[in-house]
Amino acid sequence: DLLYEIDKNIHLNAILSTNRTKGYGTNIEEKNRNISSGALLLKHGLSNKLSYEVALRKEVTQAYKSPFLYSFGIDYKASKYYLLKLNLSRNFRIPTFNDLYWYNAGNEKLNAEKSIQAEVGNTFRFKQLTFTLTGYYTEISNMIHWVPTSSIWKPRNEAKVITYGGEFLLNWHKKTPFGNFGINTTYAYTVSENEATHKQLIYVPYHKATGMLDYRFKRISVNLQQIYVGTVFTRSDNNSAYNLTDYFITNLRTGYYLDKKQQHQVGFRIQ
C-alpha cells in the first residue's frame, strides 16, 4: 500500500494485494482459491467545500474473469448544515465458498455478479441532530440469490435484477444534568425486481425500520430497541396468498457498571 501526497489537497494511493483461501470439511473435498488485485485511488480537494475521489481496480482470480472496476464520488459541503454526496461505481462479486460448496446445497455452476450503481446522499446537521437521506439505483447481472427448493435452500443466478430505493437515518444525542439521551432510527424502502418478470424478489421486504432509545446516567444504562420488517413474498409470482406478514421485534436491555472505568457490568435483557 503506497500513499503519495502530490500536495496537501491531492493524494494518490496504489494498492496491490493477494489472498489465498483454503477450505475443507467433513462432507466436502478440499478447495483452494487465489485472488490478486491492483487498485489506484485519487483524492482531490478542490476547495474546503468540494472534493472528489476516483478509483480503478482490477482483480485476477481462478475460474472468473473480472472486468475493470471503477468508482467516482463527489462531496460538496454547501454549508455547515448540509453535505451532498454523489457516487457512481461498477462492481463485481464472485461466489463465496458457501455459495459454491455448502454440503448438499452449494451450486458450483454459479456465475459472478456484475453491477452498476448510482447513489445520491444528503446529510443535514443541526447541533445534536443529524439525519441522512440516500437514494440509490442498481442494475445487477447474475445476482446470487438463495431460494428455497423443496426442503433446503440453494443459491442460483437471477438473470438481471433492478434494485432501487431510499434510506433514512436519524441520530440525536443530548447531555443533560439528568443523564445522556440518544435516539437512532433508520428506515429503508427497497424495490428489488427481476427485470424479466417485474416481480419483487422473495423474502426481500419493501419496508424495514429500526429505532433505538439509549439512556445513560452515571453507571446506569438503559437501551430500548424496536425493529420492524414489512411483508415479504415467498413465491416468485408474488402471490399474496402466501405472503409472510409484517412483524415487530422489541428488545430491552439495562445494566449497571461496577467500576468507574466501565469495564465490568451486570444487567438483564428482555428480547
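Mentor: Start with a charge over a ring: NZ of Lys or CZ of Arg must be within 6 Å of the ring centre and within 35 degrees of the ring normal. R235 meets this rule over the face of Y242, at 3.6 Å from the ring centre. K58 is another case: its charged end sits over the ring of F68, 5.2 Å from the centre.

Some ground rules before going on. The model is predicted, so local features need pLDDT of at least 70 and side-chain atom pairs count only at pLDDT 80 or more, while totals for chains, interfaces and linings use all residues. Residues are numbered from 1 along each chain as its sequence is written, and side-chain values use heavy atoms, with hydrogens and water left out.

Now the ring pairs. Rings of Phe, Tyr and Trp (its six-membered ring) pair if their centres lie within 6.5 Å; planes under 30 degrees apart are stacked, over 60 edge-to-face, the rest tilted. Across the whole structure, a search finds 13 such pairs. One of them joins Y81 and F126: the ring centres are 5.5 Å apart and the planes lie at 20°, so this pair is stacked. Y81 is in the loop between β5 and β6 (82–93), and F126 is in strand β7 (residues 113–126), so the pair ties together parts 45 residues apart in sequence. Strands here are DSSP runs (E, at least two residues; helices are H or I, at least four), numbered from the N terminus.

How covered are these rings? Buried means under 20% relative accessible area, exposed over 50%, and partly exposed in between (1.4 Å probe, protein chains only). Y81 is partly exposed at 40%. F126 is partly exposed too, with a relative accessibility of 40%.

F124 and F131 make another stacked pair, 4.9 Å centre to centre with 20° between the planes. F124 has a relative accessible area of 22%, so it counts as partly exposed. Step back, and ring pairs link Y81, Y82, F124, F126, F131 and F168 into a cluster.

Contact means heavy atoms within 4.5 Å. Setting aside neighbours within four places in sequence, T123 contacts Y81, Y82, L83, T130, F131 and T132. Cluster members Y81, Y82 and F131 are among those contacts.

T190 is another threonine to inspect. It sits in strand β10 (residues 179–194). With 18% relative accessibility, T190 counts as buried. Beyond its neighbours within four places in sequence, T190 is in contact with Y136, T163, Y164, Q200, V204, P205 and Y206.

Next, the charges. A salt bridge is a side-chain nitrogen of Lys or Arg within 4 Å of a carboxyl oxygen of Asp or Glu. The count by this rule is seven. In one of them, E113 bridges to R93, with the closest N and O atoms 3.2 Å apart. E113 lies in strand β7 and R93 in strand β6, so the bridge ties together parts 20 residues apart in sequence. E113 is buried at 12%, whereas R93 is partly exposed at 33%.

E158 and R156 form a salt bridge as well, their closest N and O atoms being 3.2 Å apart. E158 is buried, with 6% relative accessibility. R156 is partly exposed at 37%.

R216 and D214 also meet in a salt bridge, at 3.2 Å from N to O. R216 is partly exposed at 33%, and D214 is buried at 15%. Bridges that share partners also build a network: R93, D99 and E113 are joined into one.

Last, a nonpolar surface patch. Patches take residues with over 30% relative accessible area and no salt bridge; like charges are joined within 9 Å, nonpolar side chains (Val, Leu, Ile, Met, Phe, Trp, Tyr) within 5 Å. Areas come from the Shrake-Rupley method with a 1.4 Å probe, and for residues only the protein chains shown count as cover. Y4, I6, L12, L40, L56, Y70, F72, L88 and I116 make a patch of about 780 Å². β1 (2–7) and β5 (69–79) each supply at least two of its residues. Y70 is a member that lies in strand β5. Its relative accessible area is 33%, so Y70 is partly exposed.
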